[in-house]
Amino acid sequence: METTETNSTPFPNIPPIIESDDREYHDTGVPSTVAIAGHPLHPLSVIFPIAFLAAALGSDFGYWLTRDFFWARASLWLIGLGLAGGAIAAIIGMSDFLKIERVRKRAAGWTHLILNIAILVLTAVNFILRLGDPESRIIPLGLLISLVVGTLTSASGWFGAELSYRHKIGVVGAGSKRYP
């Protein structure tokens, strides 16, 4: 007798891009390992680095269009702030990655980690390239790196949301840190 397993989650299971697990969908979720009064800090800590790096891409385009030194200096500062804030967010996120097995069991967890490492490395390279002469390195290399970082940040955000919303990691709940 053959049985067909049905997926009662309201979304498809398309591994490795989207992995669904009914048990995770129906449990209460796993709280973050770094939280204040139950509020996870990782989602909060990524807001500014994302904003700074997105603005750096915009200011690189501003420089490309106008060749105004203001945009070159703005990009340098935005990239530096994005790098510093990204390092803080990475430390907080790494705590959840290392302490919550459910994160490590999911392709979304590994993809999110690898993309964020790539973002930090590229951002550091972009920052170092511009130190001392923020203007001469924007076209074309700095702009290209900023564009790649912006694209990777969007993809990483998707996978971070997968972890929070689909796998219920870093939410208020009493679910298992391993598996439901």
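Helices (H or I, at least four residues) and strands (E, at least two) are DSSP runs, numbered from the N terminus.

## Basis of the report

The structure is a predicted model, in which local features need pLDDT of at least 70, side-chain atom pairs count only at pLDDT 80 or more, and totals for chains, interfaces and linings use all residues. Residues are numbered from 1 along each chain as its sequence is written, and side-chain values use heavy atoms, with hydrogens and water left out.

## Backbone features

R67 lies in the loop between α3 and α4. Its phi is positive, about 60°, although R67 is not a glycine. R67 is partly exposed, with a relative accessible area of 45% (buried means under 20%, exposed over 50%, partly exposed in between; 1.4 Å probe, protein chains only). K168, in the segment after α7, is a residue other than glycine with a positive phi near 55°.

A cis peptide bond, with omega of about -5°, joins I139 and P140. P140 belongs to helix α7.

## The largest pocket

The largest pocket has a volume of about 810 Å³. Of the 35 residues lining this pocket, H42, V46, H112, N116 and G160 are the closest to its centre. Two or more lining residues come from each of α2 (42-45), α3, α4 (69-99), α6 (107-130) and α7. By class, the lining has 20 nonpolar, 14 polar and 1 charged residues.

On a 1 Å grid over the protein atoms alone, a pocket is an open set of points with protein on both sides within 12 Å along at least five of seven lines, whereas a cavity is a set where a 1.4 Å probe fits but cannot get out; lining residues have an atom within 4 Å of a point. Grid points are joined across faces, edges and corners, and a volume is the space filled by probe spheres set on the points. Ala, Val, Leu, Ile, Met, Phe, Trp, Tyr, Cys and Pro count as nonpolar, Asp, Glu, Lys and Arg as charged, and the others, Gly among them, as polar.

## The largest cavity

The count comes to 1 cavity of 30 Å³ or more. About 50 Å³ of space lies in the largest cavity, which is lined by L53, A56, I79, T123, N126, I145, S146 and V149. Helices α3, α6 and α7 each supply at least two residues of this lining, and α7 gives the most, with 3 residues. The lining of the largest cavity has 5 nonpolar, 3 polar and no charged residues.
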